[in-house]
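The chain is shown here first.

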Amino acid sequence: GSVPQPIPFWATLRMQVASSFVSRIAPANTGALAVGVRFLQRAGLPPAGAAASVGINTVAGFAVHVVLLVGFVAWTGRQGVGRVSLPDASTVLLVVAGVLAASGIVVVAVPSLRRKVLPSAVEQVRTAVGSLAGVVTCPWRVFALLGGSLGVTLSYIAALAATVEAFDGGLSISQIGAAYLVASAIGSVAPTPGGLGALEAALISGLTLYGMPDTRAVAAVLTFRLLTFWLPILPGWLVFQRMQANDEL
């Protein structure tokens with residue numbers, strides 16, 4: 001949906017499988033982004049267009065995640081949270097805004113960072129805006145872009161729900177979804193590949209916060225991560241090697 005020209009389905013699928021390996025060896029999902037850009041360049045897109053397409057896909061995923069997070073948290077409410085006092089939404093937004101503002105001030109204030117970051121950022125924004133205009137004017141591309149991001153996130157929630165049910169967690173789908181979306185947001189800012197460590201801790205905390213016994217929550221989360229994080233590494237590596245040999249990456 002974010003790419004302005006048709007790309008081969010099976011090659012794109014192979015790229016996604018390969019990125020499940022590369023993202024495990026690079027921090028903060030940078031490996032998957034690099035693989036996406038490289039693949040699109042090999043498919044015929046110019047470097048700026050490939051970077052813009054990957055950026056639009058990332059922004060769409062972020063937007064879908066935020067909408068689902070708000071929806072699941074509102075659906076769940078404070079039921080099952082017990083005596084924990086949750087911060088108001090306005091407080092959370094103020095903290096996030098403060099962090100973003102502080103980051104921007106640091107970039108502008110430090111000359112070396114300003115010279116390195118701002119020109120590249122301005123160019124990327126200009127290219128992404130041009131590409132975004134082509135996406136929003138095509139309903140099919142909007143559907144593919146947002147529908148794909150929605151399908152990925154809901155699939156992870158379904159996988160977590162299955163492992164919670166396997167260990168008789170006793171939680172509703174709204175509670176599981178809210179716990180996953182909050183934990184995923186925390187894991188996405190962790191410096192470790194795939195949010196390793198931070199995501200597990202946040203997931204266990206979220207599930208126990210909603211009333212799942214500690215031992216069952218640990219077992220469910222470790223099983224979930226085994227299925228979605230560790231097991232795809234070997235097939236991802238094999239596909240990555242094949243794509244490199246075929247000059248697809």
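Two residues are said to touch, or to be in contact, when heavy atoms of the one lie within 4.5 Å of heavy atoms of the other. By that criterion, and leaving aside residues up to four places away in sequence, Ser20 touches Pro232, Ile233 and Gly236. The model in which these contacts are found is a predicted one.

**Overall make-up**

The protein has ten helices and zero strands, and from the N terminus on its elements run α-α-α-α-α-α-α-α-α-α. Of the 249 residues in the protein, 33% are buried. Where residues at least 6 apart in sequence are in contact, 72% of those contacts join residues at least 24 apart.

**Helix α3 and its two partners**

Two packed helices are described by the angle between their axes and the distance between the axes.

| Helix pair | Angle between axes | Distance between axes |
|---|---|---|
| α3 and α6 | about 55 degrees | 9 Å |
| α3 and α7 | roughly 140 degrees | within 8 Å |

The angle of about 55 degrees between α3 (residues 47-76) and α6 (residues 139-166) makes α3 oblique to α6, and the crossing of these helices is right-handed. On the α3 side the contact is made by Ile56, Asn57, Ala60, Gly61, Val64, Leu68 and Phe72, and on the α6 side by Leu145, Leu146, Ser149, Leu150, Thr153, Leu154 and Ile157. By class, the residues of this contact of α3 with α6 comprise ten nonpolar, four polar and no charged.

Ala63 also lies in helix α3, and because its relative accessibility is 38% it counts as partly exposed. The C-alpha atoms of Ala63 and Ser149 are separated by 9.1 Å, while the residues themselves are 86 apart along the chain.

With α7, the axis of α3 crosses at roughly 140 degrees, which makes α3 oblique to α7, and the crossing is left-handed. From α3 the contact draws on His65, Leu68, Leu69, Phe72, Val73, Trp75 and Thr76, and from α7 on Ile173, Ser174, Gln175, Gly177, Ala178, Leu181, Val182, Ser184 and Ala185. Sorted by class, the contact of α3 with α7 has ten nonpolar, six polar and no charged residues.

**Helix α7**

How far does helix α7 reach from its first C-alpha to its last? Helix α7, covering residues 173-188 and made of 16 residues, reaches 22 Å, close to the 22 Å expected at 1.5 Å a residue. Buried in α7 are Ser174, Gln175, Ile176, Gly177, Ala178, Ala179, Tyr180, Leu181, Ala183, Ser184 and Gly187. The elements covering these buried residues of α7 include α3, α6, α8 (198-209) and α9 (214-230).

Methods:
Residues are numbered from 1 along each chain as its sequence is written. This is a predicted model: local features need pLDDT of at least 70, side-chain atom pairs count only at pLDDT 80 or more; totals for chains, interfaces and linings use all residues. Side-chain values use heavy atoms; hydrogens and water are left out. Axes are lines fitted to C-alpha atoms, for helices over the stretch in contact, and angles run from 0 to 180 degrees between N-to-C directions. Helices (H or I, at least four residues) and strands (E, at least two) are DSSP runs, numbered from the N terminus. Angles under 35 degrees count as roughly parallel, over 145 as roughly antiparallel, 65 to 115 as roughly perpendicular and the rest as oblique. A crossing is left-handed if the near helix is turned anticlockwise from the far one by less than a right angle, and right-handed if clockwise. Ala, Val, Leu, Ile, Met, Phe, Trp, Tyr, Cys and Pro count as nonpolar, Asp, Glu, Lys and Arg as charged, and the others, Gly among them, as polar. Buried means under 20% relative accessible area, exposed over 50%, partly exposed in between (1.4 Å probe, protein chains only). The expected span of a helix is 1.5 Å times one less than its number of residues.
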